[in-house]
Amino acid sequence: MSISKNNICKLTEEVLANYNSIKAEIKNIELDIEEIESEYEGVSAVSFEEKTGKTNKFNSNVENEILKKKN
């Protein structure tokens with residue numbers, strides 16, 4: 001399959017015509033990635049602290065992260 005010079009020129013012109021929108025879309029994706037990376041807490045160590053009283057509260061890092069993302 002051979003691509004003619006005319007077709008290559010047309011494809012190049014289309015890419016160049018959309019350059020600004022492509023550049024803006026890449027920037028938006030980079031900002032989305034930065035936002036996700038800053039919100040991600042991941043796995044952390046378990047700390048054992050003295051409790052003052054018995055409660056039925058269940059505390060999970062994964063659940064807390066999901067709840068924070070929903071809000």
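This report describes the fold, confidence and one surface patch of a predicted model.

Residues are numbered from 1 along each chain as its sequence is written. In this predicted model local features need pLDDT of at least 70 and side-chain atom pairs count only at pLDDT 80 or more, whereas totals for chains, interfaces and linings use all residues, and side-chain values use heavy atoms, with hydrogens and water left out.

The chain contains three helices and zero strands, in the order α-α-α from the N terminus on; helices (H or I, at least four residues) and strands (E, at least two) are DSSP runs numbered from the N terminus. Confidence is given as pLDDT, the predictor's own score for each residue from 0 to 100, and 70% of the residues reach 70 or more.

| Part | Mean pLDDT |
|---|---|
| Chain | 80 |
| Helix α2, highest | 91 |
| Helix α3 (residues 61-70), lowest | 77 |

Of the 71 residues in the chain, 4% are buried, that is, under 20% relative accessible area, with exposed meaning over 50% and partly exposed in between (1.4 Å probe, protein chains only). The chain exposes about 7500 Å², of which carbon and sulfur atoms supply 56%; these areas come from the Shrake-Rupley method with a 1.4 Å probe, and for residues only the protein chains shown count as cover.

On the surface, V15, I22 and I26 form a nonpolar patch with about 260 Å² of accessible area together. I26 lies in helix α2 (residues 19-39) and is partly exposed, at a relative accessible area of 46%. Patch members have over 30% relative accessible area and no salt bridge, with nonpolar side chains (Val, Leu, Ile, Met, Phe, Trp, Tyr) joined within 5 Å and like charges within 9 Å; a salt bridge is a side-chain nitrogen of Lys or Arg within 4 Å of a carboxyl oxygen of Asp or Glu.
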